Amino acid sequence: MARLVKSSAPLFVFLVLYTLLVSGVSGNGGGMVGGRAKVSDVKTNKEIQELGRFSVKEFNNHRSTYGKGGEVGELMLSEVVEAQTQVVSGVKYYLKIEATTQSEEKLMFDSVLVVKPWLRSKELLAFEPSIGLRV
């Protein structure tokens, strides 16, 4: 009997750890591991607003590579209005950005970027007009 208890202990530990992993228990409020998490304090979050500025600056520097987004000309950030994060190899940010054109028209854009703090790198992956283009 003692042999049975001793040999089943590793199996029990494995099952408990597996159950925790599958159920998505994590430090982000119980969300799914690797899933997107909404940023609640977007308008007052300095890091998110800075990432919005970075996105617009990169877009302005490389407008021709962003398809239809490049047709609007140079932009100026108004503010980031929504944000989500996702832990990947770094942190992936999904931003909804309000920007102003040179003719002072306000437009909405969706931006995706990846930040890898240990490499001190930020990379803009996408910058496109939102479905609801006009504000």
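This is a predicted model: local features need pLDDT of at least 70, side-chain atom pairs count only at pLDDT 80 or more; totals for chains, interfaces and linings use all residues.
**Notebook: salt bridges**

I started with lysine 106 and glutamate 98, whose side chains meet in a salt bridge at 3.5 Å, N to O. I looked up how open each partner is. Lysine 106 is partly exposed, with a relative accessible area of 43%. Glutamate 98 comes out at 10% relative accessibility, so I logged glutamate 98 as buried, the cut-off for that being under 20%.

Next I checked aspartate 110 and lysine 96. Their side chains form a salt bridge too, at 3.0 Å from N to O. This one ties together distant parts of the chain: aspartate 110 sits in strand S4 (residues 106–116) and lysine 96 in strand S3 (residues 90–101), 14 residues apart.

Then I went to glutamate 74 and arginine 63. I found their side chains joined in a salt bridge, 3.8 Å from N to O. The pair again links distant parts of the chain, eleven residues apart, with both glutamate 74 and arginine 63 in the loop between helix H2 (46–61) and strand S2 (75–88). Glutamate 74 has 39% relative accessibility, so I wrote it up as partly exposed. Arginine 63 is partly exposed as well, with a relative accessible area of 26%.

Last, the tally. How many salt bridges does a search of the whole structure find? I got five. My notes above cover some of them, including lysine 106 with glutamate 98.

Terms used. Residues are numbered from 1 along each chain as its sequence is written. Side-chain values use heavy atoms; hydrogens and water are left out. A salt bridge is a side-chain nitrogen of Lys or Arg within 4 Å of a carboxyl oxygen of Asp or Glu. Helices (H or I, at least four residues) and strands (E, at least two) are DSSP runs, numbered from the N terminus. Buried means under 20% relative accessible area, exposed over 50%, partly exposed in between (1.4 Å probe, protein chains only).
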